[in-house]
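Q: I have a chain on screen and want to learn to read it. Can we take one feature at a time?

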Amino acid sequence: MNSKRSNEAVHDGSDLWLINEAIDLCQAGQLFYSQATKGAIDYNIKRIFGHMAEVRKGMLSRLTALFKQVEPRYPRVVESIGHLTPPLSPYYAEAEKAMAQNRMTKAIKVLIAAEQYVLSRLKLAAKRANSQRVTRQLAEGIAWLQISCDSMKNLPLNE
């Protein structure tokens, strides 16, 4: 067994940073996709956006529970984390603008780029995690997000 990893929640506070970033990424996406689902007209887009929101909601639930379980052990780390602001706002603002202009192909392209960013950040977090539990939670979410991203890439869109 790798001495770096453990079945315990977290050896030190470093995984809290990773969990917090994942939570922030999921919150931003869940909020965006929940709103975008309401405005989507196309059934396939509505379905994919809804799935993206649900995946993030599930990830948020599990990651938040994990964070709360570990948080009391490392109060100084928690105090220094604050709230990260993932640089997703420009992606989501551009996608919203394109959707408002009924330019769904452009919106989907922007959202695919945003999803690639989220996936790369989550994959990096999974690699850096000290805890197997954190790695497993991230890997499960990554798999579901990848499926949704692939579905988005395969949408037949016409402008």
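A: Start with accessibility: buried means under 20% relative accessible area, exposed means over 50%, and partly exposed lies in between, with a 1.4 Å probe and protein chains only. Take Arg 121, which sits in helix H5. Arg 121 counts as partly exposed because its relative accessibility is 26%. Note that this is a predicted model, where local features need pLDDT of at least 70, side-chain atom pairs count only at pLDDT 80 or more, and totals for chains, interfaces and linings use all residues. Residues are numbered from 1 along each chain as its sequence is written, and side-chain values use heavy atoms, with hydrogens and water left out.

Q: What share of the 159 residues in the chain is buried?
A: Buried residues make up 45% of them.

Q: How many helices and strands does the chain have?
A: Helices (H or I, at least four residues) and strands (E, at least two) are DSSP runs, numbered from the N terminus. This chain has 6 helices and 0 strands. From the N terminus on, the order reads α-α-α-α-α-α.

Q: How far apart should the ends of helix H2 be?
A: The expected span is 1.5 Å times one less than the number of residues. Helix H2 covers residues 43–70, which is 28 residues, so it should span 40 Å. Its end C-alpha atoms are 40 Å apart, which agrees.

Q: Which residue reaches the backbone nitrogen of Asn 44 at the start of H2?
A: Look for a polar contact: a pair of N or O atoms within 3.5 Å. Within protein, one must be able to donate a hydrogen and the other to accept it, and residues adjacent in sequence count only if both atoms are side-chain atoms. Here a side-chain oxygen of Asp 42 comes to within 2.9 Å of that nitrogen.

Q: How do I describe two packed helices?
A: Use the angle between their axes and the distance between the axes. Axes are lines fitted to C-alpha atoms, for helices over the stretch in contact, and angles run from 0 to 180 degrees between N-to-C directions. The axes of H1 (residues 14–39) and H5 (residues 104–128) come within 10 Å and cross at roughly 160 degrees. Angles under 35 degrees count as roughly parallel, over 145 as roughly antiparallel, 65 to 115 as roughly perpendicular and the rest as oblique. H1 and H5 are therefore roughly antiparallel.

Q: What about H1 and H2?
A: Their axes come within 8 Å and cross at roughly 150 degrees. That makes H1 roughly antiparallel to H2 as well.
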